[in-house]
Amino acid sequence: MDSTDNVLRKRAELHRCPPWRDGHDSALHSLGWALFQRFKKECKIDDLNEAIATYQAALELRLFENNSYHRSTSLHDLALCFTYRYANQGHFPDLEEAITLGRAALELRPPGNPYRGVSLYNLACNLWRRFEEEKVTICNLDEAIELHRAALELRPSGHPDRFSSLQNLAVCLSDRYYYQGVAADFKETSTVGCPARPLSPSRHPDRGTADLDEAIALEQEALQLIVPGHHHYDISRQRLTAYLQMKIRSQASIPSLDPSPVTHFDTKQVIRDVASEILKTMPTRLLHTHSGFLCNRDAQLSQFMRSPQYCQLASSCATCEPAQHMKLIRTEVSKYFRFMTLSHRWGEGEPSLRDIEGRSIYSMPPNGGIGKLHAFCAVALKRDYLWAWSDVCCIDKDSSAELQEAIGSMFAWYRRSALTIVYLSDVPDSGSFRSSEWFERGWTLQELLAPKRLRFYTRTWSPYKKLTSSNHKADAGVLEELERATGIESRFLANFSPGMDDARSRLQWASFRRTTRPEDTAYSLFGIFDIHLPVLYGESAENALGRLLAEIISQSGDISVLDWVGKRSRFHSCFPARIASYRTLPLPSPRPNAEEYTSMGEQPAALLALQTLCRTLAKSPLPRFVTRRLVLPCIAHRVTTIQMRVPSSCAPRYTYEIQAYGLKSLEITLTSQLESAAMSRDALQLVRPWHLKLLDPYIKDYARTEEKLLHSLGRPFHALLLIELPHNEYKRIASSALIIAQPIGSTGILESDVRIFDIV
């Protein structure tokens, strides 16, 4: 179930269980858990704050209960929320609260309790975090080690959480080794500007070596529990390597800062491995701005391994603590491979990969597209970027596999780039970019939304309006111009997240743009929706768009993509033939009288009918798309009468008067006549597609779900006109008309017919 849907359901359950009823504490706890799960998925701090407040309210009701299971669960889950908020915001009192609550939960889970292991483990992790925060004494670390050992005993071989217990106990032991005994002496003599930590006087001086030996044994066991290629495997292997190197150093009276050949070889291999891993997240080929040559990943890696930056990194690794190796390596390698991307409107004479392969672009005449590459790389050099990427020459378009990978990865590449340069060849130095053709092209939409940092350049490669800021997305004036030029709100322009939230708006942004190849209209949106589908050049634009829309519905159930007006697609009757059908629609009629519906909802019989309708809608399945069939929950209104007026003599216009059960009479005007079957009795249905998210978001949170439903269903809506086919299937007709339907007061709402249609 979608996390937002789950929160809506839990809110509804809480509203149906007021404070004076039994079970109110359980309803509060369930809502807190749903909010916490949504926070983990969407990382919105407001969800976590509300989860904490809700859990606290539930805990207050359970403090005096005899049910230790309920109290321990509330304490444990509330502690978990405070831990996450501490990790998110770094507020130390949250960690203290998590530890206090964790201790209280552990007291209610004595030996033999099935949940004692997880309480031991979580409390141990928080005590280690407090040690990392304070680093004054090691008493927190000592207690964390004892708790981790107790948790490990409850997680025997084969337990799914044994790996995490092994790793965290090993980390605590290695930290204790580091801060006392031989390791403390080594740190005092080798760390510049960092005072030695006080040792615990009650500890035996040999205890540090024993801790390190135990950490090595635990990490060795952990490494046996996972296979190479698992995302934890490399971390475990690197930790084991670090522990072994710490032990080797401890055996020498004065650790040598000169690495042995074996250590040097290990460092080189680790650096190479990290560089290879980072390169996999980057474009397949990049222009080397110093030399002008196009380099594949092997050439990029060779450039790095021969560079002064590599030599400096290897030297730094020889003098820093092993625990800092990976952070240092990742930081420096990522810095070396920062790259800049180009966004532009293709023109005449753009060079392909074959044109520049094996040649320096600087040795080629600066005509047409080559001149553009010269200027682009010059900007990159000036801004100290060693690598640059352009879609004209850095993709092998003769390789269908590489082209598929590039289209599927392009959004991520623009997002990962350190800076994107937008070159506007049709904008003079003193002009405005609002009239640029760049804003009319399909592919440039993701090139606008994906980059975190972006700068506009004019025809002469001068910064737009001579702005000096490093990121034009951070300039309020530029954002205001962009919003007017694109119709996209500035909050999306400045901080866009790929995905399917508000899919209708994203389709509307693209509806004003065009591509050279019609099917690219859909392909250019794959990254914006974070969808991975095959690229099938040669298919029709209708088919490509249909596959995209089907995937959106299949993954998200978002029915807003059905809200369009225009010619229907041959792919599916509920999809448009062209993306232009998603352009701005006229506003619906004004909202109905809220007082009328509120008073109606206060009548017992009406409220009972509303509750029944609400339960029916809440149990309806999510919309889904299966084998070219759209399975769509709807509120259906059977058409009782349809009559055509006398057609206009001056233009091919056909106006129909339609009456449907529960709706006010309405008219639609079409450019072609409805098929004769549509005039048959009971052949047509006017439907409102349904999804739980349609509940009115503007009603206050404390309002009952029934009242939300009442307000939502009382408003005018965009209806679909369906005609019945054989085998209980339906298809959409009259899609070229905007059909705004209006319920007939309370009767039209309370007697709504909830159905699930199979639409082809």
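This is a short walk through one predicted protein model, from the whole chain down to single residues.

First, the ground rules. The model is predicted, so local features need pLDDT of at least 70, side-chain atom pairs count only at pLDDT 80 or more, and totals for chains, interfaces and linings use all residues. Residues are numbered from 1 along each chain as its sequence is written, and side-chain values use heavy atoms, with hydrogens and water left out.

Now the overall picture. The chain holds 28 helices and 16 strands. Both are DSSP runs numbered from the N terminus: helices are H or I with at least four residues, strands are E with at least two. The chain has 760 residues, and 50% of them count as buried. Buried means under 20% relative accessible area, exposed means over 50%, and partly exposed is in between, with a 1.4 Å probe and protein chains only.

Next, contacts, meaning heavy atoms within 4.5 Å. Take those in the chain with a separation of 6 or more: 66% come from residues 24 or more positions apart.

The chain exposes about 36000 Å², and carbon and sulfur atoms supply 52% of that. Those areas come from the Shrake-Rupley method with a 1.4 Å probe; for residues, only the protein chains shown count as cover.

Which residues make a nonpolar surface patch of about 270 Å²? They are Tyr69, Tyr115 and Val118. For a patch, residues need over 30% relative accessible area and no salt bridge; like charges are joined within 9 Å, and nonpolar side chains (Val, Leu, Ile, Met, Phe, Trp, Tyr) within 5 Å. Tyr69 sits in helix α4, residues 68-89. Its relative accessibility is 43%, so Tyr69 counts as partly exposed.

Let's turn to a pocket.

Which helix gives the largest share of the lining? That is α11, with 10 residues. Helices supplying at least two lining residues each include α6 (116-134), α8 (162-178) and α15 (325-336).

Now salt bridges. A salt bridge is a side-chain nitrogen of Lys or Arg within 4 Å of a carboxyl oxygen of Asp or Glu. The whole structure has 33 of them. Here are some examples.

Asp94 and Arg85 meet at 2.9 Å, N to O. Are these two residues buried or exposed? Both Asp94 and Arg85 are buried.

Arg149 and Glu146 pair at 3.3 Å, N to O. Both lie in helix α7, residues 139-153, and they are 3 residues apart, about one turn of the helix. Glu146 has 46% relative accessibility, so it counts as partly exposed.

Arg354 and Asp396 form a bridge at 3.0 Å, N to O. Arg354 is in helix α16 (353-356) and Asp396 is in the loop between β4 (387-389) and α18 (400-416), so the pair ties together parts 42 residues apart in sequence. Arg354 is partly exposed, at 45%. Asp396 is buried, at 11%.

There is also a network of salt bridges, linking Arg345, Glu437, Glu440 and Arg514.

Leu152 is buried, with a relative accessible area of 12%. Leaving out residues up to four places away in sequence, it touches Arg162, Ser165, Leu166, Leu169 and Leu218. Leu166 is 14 residues away along the chain, and the two C-alpha atoms are separated by 7.2 Å.

Why is helix α22 (503-510) described as largely enclosed? Because 7 of its 8 residues are buried. Among them are Leu507 and Trp509. The buried residues of α22 pack against α19 (444-449), α21 (490-494) and α24 (541-556).

Last stop: the loop between β6 (454-457) and α20 (476-486), where Lys465 lies. Lys465 is not a glycine, yet its phi is positive, about 55°. Lys466 is in that loop as well. Its phi is also positive, near 60°. Lys465 is partly exposed, at 45% relative accessibility. Lys466 is exposed, at 64%.
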